[in-house]
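Take a moment to look it over, then follow the points below.

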Protein chains: 2
Amino acid sequence: MPNPIKKESLSDRVYATIKRQILSGELSGGMLISEEHLASQFGVSRTPIREAIRRLSEYGLVIIKPRSYAMVYEVDDKEVQDIAQVRLALEELTVRSLTPEAVERDIETLSRLAADCQYYMSVGNRAEVFVKDSEFHLELVRCTGNRALYDAYERLDAKVQLLRIAQNLNNDDLPRIISQHPSLIDALKKGDMELSTALMREHVIHSYLSR
Amino acid sequence: MPNPIKKESLSDRVYATIKRQILSGELSGGMLISEEHLASQFGVSRTPIREAIRRLSEYGLVIIKPRSYAMVYEVDDKEVQDIAQVRLALEELTVRSLTPEAVERDIETLSRLAADCQYYMSVGNRAEVFVKDSEFHLELVRCTGNRALYDAYERLDAKVQLLRIAQNLNNDDLPRIISQHPSLIDALKKGDMELSTALMREHVIHSYLSR
DNA sequence: ATCGTAAATATTGTATACAATCAATAGCTG
DNA sequence: CAGCTATTGATTGTATACAATATTTACGAT
């Protein structure tokens, strides 16, 4: 049958692209966003651009100053501790909610992501390490099956990624953090809540000690 | 000088209005949303309506089925426990983050909201009790000064409000819950973390025991 | 030269027109 | 009558045009 490729709207594509650009640092914090500029850049009209920008604003990645301009959200160093604490609370709930069966069921993906982290670490690609680390933790949250938790975590993770970029991917503890993933998986598989929680707590805390 | 009243855009006003209608139950879960219908209802074009709907979708209050329709988000009863657990995690972090000084500084507003709850309880207006209860807890979170926490809590609270409506505002423990507010304020003022946490935990847990 | 004011310029906000897609209905075929 | 196909109708997606507002530039007064 026909209807081959066209599925997502221009608005969706623009949204996804800008989001990716922000989270990868291609569009950095504080940078101004012009609707017309983006429109000509993407080769579309302003309409889908506007919708994308507004969605990103609601997502927390863009700040809109009404009737004047929009800019990429800029994380403040003072937010580091705040973000870390919220993340800790959500990660602890994640660990508490995870059953060994749920982890087993997704062990393939989890192991692969943990391995990806170590691989990129070994070749010195810190940017990609952080990407895979985020994916690993998001996957853990997904395994809980708690949608409300996932939604909250996903938005917070965006801020975490912005922070990592703002700190220029510096983190002396990165090798140690990454090496903890397999231990965490093991502890979760065994249902050792005590150990899992301890590992996760150390993991998260050390994620924000740089600088 | 001139320029007296006009500040917010139509898009913002529409967004706020629809949001309020959803959270008050005027627009109930599963109800379909037609852009044109809303446009004629608000007396504006489809443009600001579309932007508002998309923002609400990003907020989690509207579900968009691309190229067909949009509908008000419908909370599932199976989500009750999930939402409650996330809320508990965030509320516990809130209590841990609150200093007696921060509470003191905002004691006026907090006391007033607690009193409002009791007043509406006494006159049997359960809908308004829930509204003020939400405001009370949001105010507590605001007092922490943790923006990331506030953002996460605000979105979750929207789901909580939807749940309350879906459950038809039924909750046998409501009087007891409301009566705990002053004790909580006191415990927070004294910096009694132990008691504060215990109170808050009981508070949240009993908020979801109905049905 | 600096400050304030006014014209010019650019950008956002909204309405409208058109195109594309989906849902529903009617009609045809077996 | 069931099931498929085609056509109609309604709704969303995008582009464009215009209006309103903000920013910048130019200019004159002190």
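α7(A) gives the most to the lining of the second largest pocket, with eight residues. Helices here are DSSP runs (H or I, at least four residues), numbered from the N terminus. A pocket is an open set of points on a 1 Å grid over the protein atoms alone, where a 1.4 Å probe fits, with protein on both sides within 12 Å along at least five of seven lines; lining residues have an atom within 4 Å of a point. This is a predicted model, where local features need pLDDT of at least 70 and side-chain atom pairs count only at pLDDT 80 or more, while totals for chains, interfaces and linings use all residues. Residues are numbered from 1 along each chain as its sequence is written, chains are lettered from A in the order in which they are written, and side-chain values use heavy atoms, leaving out hydrogens and water.

**The pocket**
- The second largest pocket holds about 460 Å³ of space, counted as the space filled by probe spheres set on the points, which are joined across faces, edges and corners.
- Its lining has 21 residues, and nearest the centre lie Leu23(A), Ser24(A), Val131(A), Ser134(A) and Gln161(A).
- Two or more lining residues come from each of α1 (10-24), α7 (126-144) and α8 (147-166) of chain A.
- The lining divides into 10 nonpolar, three polar and eight charged residues; Ala, Val, Leu, Ile, Met, Phe, Trp, Tyr, Cys and Pro count as nonpolar, Asp, Glu, Lys and Arg as charged, and the others, Gly among them, as polar.

**Where the chains meet**
- Chain B and chain A each give 28 residues to the contact (heavy atoms within 4.5 Å).
- Together they bury about 2400 Å², 50% of it on carbon and sulfur atoms; buried area is the accessible area (1.4 Å probe) that two parts lose on being put together, summed over both.

**Salt bridges**
- Over all chains there are 34 salt bridges (a side-chain nitrogen of Lys or Arg within 4 Å of a carboxyl oxygen of Asp or Glu).
- Eight salt bridges cross the interface of chain B and chain A.
- Asp151(A) pairs with Lys159(B) in a salt bridge, with the closest N and O atoms 3.9 Å apart.
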